[in-house]
Amino acid sequence: MQTKRQTVLSICLVLAAVLAASPLRAQQGPEAKTDSEIRVGNVMPYTGPLAAFATIGRAEAAYFDMVNEQGGINGRKVRFVSVDDSSNPKTAIEQTRDLVEKQDVLLMFGSFGTPSNLAVRKYLNEKNIPQLFVASGDEEWAHPKAFPWTMGWQPTFRAEGRIYANYIQAAYPSRKIAVLWQNDQFGRDLFKGLQEGLGDTAGMIVADLAFDASETRIENQLGILRDSGADILVFDGAPAIAARAIRIVAGMDWHPVFILDNASASIASALQPAGLQNSLGVISTSFLKDAGDASWKNDPQIKAWDAFMDKYYPDGDKDDIYAVFGYAAADTLMQVLRQCGDDLSRENIMRQAASLKDYQSPIALPGIVINTGPKDFRPIKQMRLVQFDGNAWQPIGDVIESAFTPVREDN
């Protein structure tokens with residue numbers, strides 16, 4: 001019999017799941033047989049200041065619904081158990097322990113955010129539980145010697161910063177730069193990459209200011225950056241505050257080249273709230289196709305994605321790049337599981353995750369492929385610069401990979 005405290009806790013967890021409208025279709029306890037299903041754990045911020053990213057988890061849940069309807073993976077259905085941590089590392093630890101020790105998940109997949117994933121990395125590696133395709137561009141997910149059970153997925157924030165530096169040096173070689181960055185590992189990594197990419201010309205950065213992720217007012221910071229005389233503004237933060245920054249800059253007597261981090265390059269979550277006209281000309285990076293880009297209208301994979309959204313995620317916003325992100329990440333996991341065949345041991349799952357060769361995700365931009373190896377835990381190493389034309393992201397130049405450092409033995 002449960003204690004009173006356990007009962008209250010259980011009720012709270014159920015209510016939180018319902019209120020967050022998260023895709024917890026699989027949270028029914030561990031009664032199903034392991035030979036007929038693959039249990040996949042996931043932690044997402046369905047509530048809290050970073051809730052915009054929860055679209056990733058919802059899209060992944062919808063993708064697994066599609067996979068199951070089509071017969072599953074090697075005859076097994078995927079049970080996707082996705083829970084809320086409100087971007088709180090302490091909650092992430094509790095939820096991850098519950099998924100591993102009570103829900104009996106085979107692996108953790110696609111959990112969001114740097115702090116939460118760092119909080120559980122040691123535990124998962126000690127337990128030999130795969131922590132696959134972390135939804136964060138931190139470089140901490142690429143240490144195969146120290147953490148052989150943890151692997152990232154997307155390009156790193158630091159490499160993204162180098163790409164912006166290379167672009168600025170080529171297109172605006174004598175312009176002054178201001179940087180507004182989020183005061184956490186995410187913000188620091190991209191800023192560091194920007195400085196590294198500028199190298200001897202890092203003096204182009206005439207001002208930089210940090211803000212906390214919980215802040216909602218950044219007018220003062222933007223005023224100071226404007227007064228620095230900068231012609232370029234590099235913004236590195238979450239979607240909600242990015243939308244505010246774009247609106248504020250549009251209302252000021254300041255017209256900088258606005259560079260926006262990839263994590264906030266969502267039309268639905270950042271540009272629409274900012275005002276599409278205000279967002280005209282914003283520059284960012286991409287490695288996935290934009291379903292709203294007219295140039296992809298007749299692309300077979302985008303048509304398949306549209307059909308997927310209509311059937312499996314009808315409440316989702318097709319302009320939300322996080323829905324594309326979730327779809328693509330889930331597709332990569334499915335490729336790993338397909339390669340596993342009937343050997344679904346955790347050791348073989350990691351072996352196959354580290355054996356992806358020129359895998360082309362159906363929703364990735366042309367030329368962007370996924371490659372991994374025993375010493376290479378960075379699946380996606382390419383991006384492309386894009387600019388917002390008021391309706392969709394348009395490409396600037398070709399796919400870029402020169403900003404990425406060579407893979408070291410234990411990077």
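Select isoleucine 73 and show what surrounds it: leaving out residues up to four places away in sequence, isoleucine 73 touches Ile38, Val67, Val78, Met334, Leu337 and Arg338, where contact means heavy atoms within 4.5 Å. Isoleucine 73 sits in the loop between helix H2 (54-69) and strand S2 (77-84). Helices (H or I, at least four residues) and strands (E, at least two) are DSSP runs, numbered from the N terminus. The relative accessible area of isoleucine 73 is 5%, so this residue is buried; buried means under 20% relative accessible area, exposed over 50%, and partly exposed in between (1.4 Å probe, protein chains only).

The model is predicted: local features need pLDDT of at least 70 and side-chain atom pairs count only at pLDDT 80 or more, while totals for chains, interfaces and linings use all residues. Residues are numbered from 1 along each chain as its sequence is written, and side-chain values use heavy atoms, with hydrogens and water left out.

Serine 86 is not a glycine, yet its phi is positive, about 50°. Its relative accessibility is 28%, so serine 86 counts as partly exposed.

Now select phenylalanine 133, in the loop between strand S4 (131-132) and helix H5 (157-171). Here too phi is positive in a residue other than glycine, near 50°. Is phenylalanine 133 buried or exposed? Phenylalanine 133 counts as buried, because its relative accessibility is 2%.

From there, move to phenylalanine 109. Beyond its neighbours within four places in sequence, the contacts of phenylalanine 109 include Phe133, Val40, Phe64, Phe80, Ala329 and Leu333. In the largest nonpolar core, of 94 residues, Phe109, Trp153, Leu194 and Leu333 touch the most other members. Such a core is a set of buried Ala, Val, Leu, Ile, Met, Phe, Trp, Tyr and Cys residues joined through side-chain atoms within 4.5 Å. Colour helix H11 (residues 321-340), which gives the most to this core, with 14 residues. Another core, of 29 residues, lies apart from it, with Ala178, Ala207, Ala243 and Ile267 among them.

End at glutamate 160 in helix H5. Its side chain makes a polar contact with the side chain of tyrosine 164 (2.5 Å); a polar contact is a pair of N or O atoms within 3.5 Å, and within protein one must be able to donate a hydrogen and the other to accept it, with residues adjacent in sequence counting only if both atoms are side-chain atoms. Not counting residues up to four places away in sequence, glutamate 160 touches Leu190, Leu260, Asp261, Asn262, Thr285 and Met383.
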